[in-house]
Every structure is written in structure tokens, then in C-alpha cells.
Amino acid sequence: MSLVYMPPSIRRFEPLHMVFSTWVDHLPFGYDLVAALRPKMLVELGTHKGLSYFTFCQSMKENEIDGLCYAIDTFEGDEHTDKYDESVFNSVNGHNRQHYHGFSYLMRMFFEDALKHFNEDSVDLLHIDGFHTYEAVSADFANWYPKVKPGGIILFHDVQARLQDFGAWKFWDEIRGQHETFTFNHGFGLGVLRKPGGDRSQDPDLLKLMFENQTEQSAAALRAFYVHASKHLENNRKIKRLGQGANKPVDAAS
Ligand SMILES: C[S@@+](CC[C@H](N)C(=O)[O-])C[C@H]1O[C@@H](n2cnc3c(N)ncnc32)[C@H](O)[C@@H]1O
């Protein structure tokens, strides 16, 4: 990496909404990508408890980005998450209202039914994290690709997860060579795809690092940076938890 990369997640990101999810390894990148792109329209397919989605929303708010966010999910679960109960939606809805009222909207429906609410070439950042079979991921991509702006970004979660009948990895392996892409291999893997076109003259550093003048060395450095950034975040959270434990009154310990 020839330019000095000092993204906002390093300076000030403390996740407001921590829940269990395999997305945990990508929080600093998710936060920085939103800060860099400054999306006018962000859409997530598959929100569940909201770890990825609220990372994006937190970045929108803290970086004073004037845009709209939509989280699309039945909030009922699928065969990979298992069916879950209303408490999940209630908790996501409550957090959304409390922190992101006015720019973030939950669309409780099937992805296919939400399509009609979005114009072609309108979405700056699309996150595909729904059902993870090969067929489901390829259908989500085919259905939603036209909605993404030229030069816009599509994220694919789980491109390294080779468990059960997960097939995002297979789909990613097929398409990554046919598009401008960047792959994070850590955690369950995150694929970043850029749609052709758009004005690239003002590209932020993060996009330059992923898509322009890339060498094997610079790509490896960026990957290593985000492995360390997510470990750093996790360590800070552990230290904070320990600190909170130490401050507990003695009679509260049992
Ligand atoms: C892997 S989870 C999302 C994880 C989340 N992004 C995170 O950060 O933890 C997948 C979600 O997609 C939803 N889902 C799967 N297929 C769907 C479809 N066709 N329409 C609407 N929701 C769907 C499920 O209800 C589930 O909550």
C-alpha cells in the first residue's frame, strides 16, 4: 500500500449493537466502506439480528451521511438460521427506532416482493446475506444487480463458508473473475464486487486500494489490515467487559 490508510473505524468506531453473528469479523470494514462510499441508498438482503445492518447505519449516522437505508428480511429465519421468534424483530425494530429513526427502514417481506419498490440503477451499496444455497445467492444477485448504480458496490457474505449446503463460495468463485472484485478471506469471507461505470475520478482511498492499481502485495496488506482491525476491535471489547466486571459491586458478583 503506497498511500497511508487511516480509516474512521480505527479512530472512533465502537459498535452500539453487538449480537452474535459470523459477520463479526467484518465490522471495521463495513463501517469504513460506508464512510468511504457515502451511499445515498443502501439495501441489505438478510438482516436477522442486525449486526451488519446496524454497523452500516452507525457509520451513516456518525459520519453524517445523508442517505437512506433499507433492511429487507421476513424476520422469520430460514433453514440455515432456523426459524426464530418475534423477539428478534422486536429487538431490531426497537434499536432501529431508537438510533436510526428518519433514515433507516425495515422492510418485513421476501426479497422478491421488495424488488418493485426500488428503481433500476438506484442503489449505491447492496449487501447480499440471505439464504446461502448456490441457487438462492445466484437468484438474489440476478434479481438485484439491475438495481445497483453504475460504479456501485455489492457485498456477498460467507464466500468462504463451506458448510452444510452453503453455496455462496461456489457462486463467488464463478463470478469473481468476470467482474471487478476484491475478496476478504478471513472469518466466513466477504466478497466485494463493483458494478462497471460511474464517475471514478473522486474515488475514496478504500475503493482505490481495492480496485485501482492493485498489486498482490497491496491486496495482501489491505486484507491483513482488516484482520488486525477486527481483532483489535474484539480485544477492546474484551478489555471493556473485563473493566465493567471489575467495577461491579462485590455483592453483585454472585
Ligand atoms: C444469514 S442471516 C443475515 C445475517 C445478518 N446480515 C447479520 O449481520 O448477522 C439471513 C437472513 O435472511 C432472511 N432471508 C432469507 N431468505 C429470505 C428471503 N427470500 N426473503 C426475505 N428474507 C430472507 C432470513 O430470515 C435471515 O434472517
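How many residues surround the ligand, and which are the closest? I looked this up and found that 21 residues surround the ligand, the closest being Ser 21, Ser 52, Asp 73, Tyr 84 and Asp 129, where a residue is near a molecule if one of its heavy atoms lies within 4 Å of it.

I note that this is a predicted model, in which local features need pLDDT of at least 70 and side-chain atom pairs count only at pLDDT 80 or more, while totals for chains, interfaces and linings use all residues. Residues are numbered from 1 along each chain as its sequence is written, and side-chain values use heavy atoms, with hydrogens and water left out.

A nitrogen atom of the ligand is 2.7 Å from an N or O atom in the side chain of Asp 129, a backbone N or O atom of Gly 46 lies 2.9 Å from a ligand nitrogen, and for a backbone N or O atom of Thr 74 the distance to a ligand nitrogen is 3.3 Å. Taken alone the ligand exposes 600 Å², of which the protein buries 91%, with accessible areas from the Shrake-Rupley method and a 1.4 Å probe.

Next I traced the sheet, which is open and has 7 strands in the order S3-S2-S1-S4-S5-S7-S6, with mixed pairing; strands are DSSP runs of E with at least two residues, helices runs of H or I with at least four, and two strands pair if DSSP finds at least two bridges between them. Strands S3 (104-108) and S6 (180-184) stand at the edges with a single partner strand each, so one side of each is left without a neighbour in the sheet. S6 runs antiparallel to S7 (residues 190-194), to which 5 bridges join it, and Glu 180 has Arg 194 in S7 as its bridge partner.

Conventions. A polar contact is a pair of N or O atoms within 3.5 Å; within protein, one must be able to donate a hydrogen and the other to accept it, and residues adjacent in sequence count only if both atoms are side-chain atoms.
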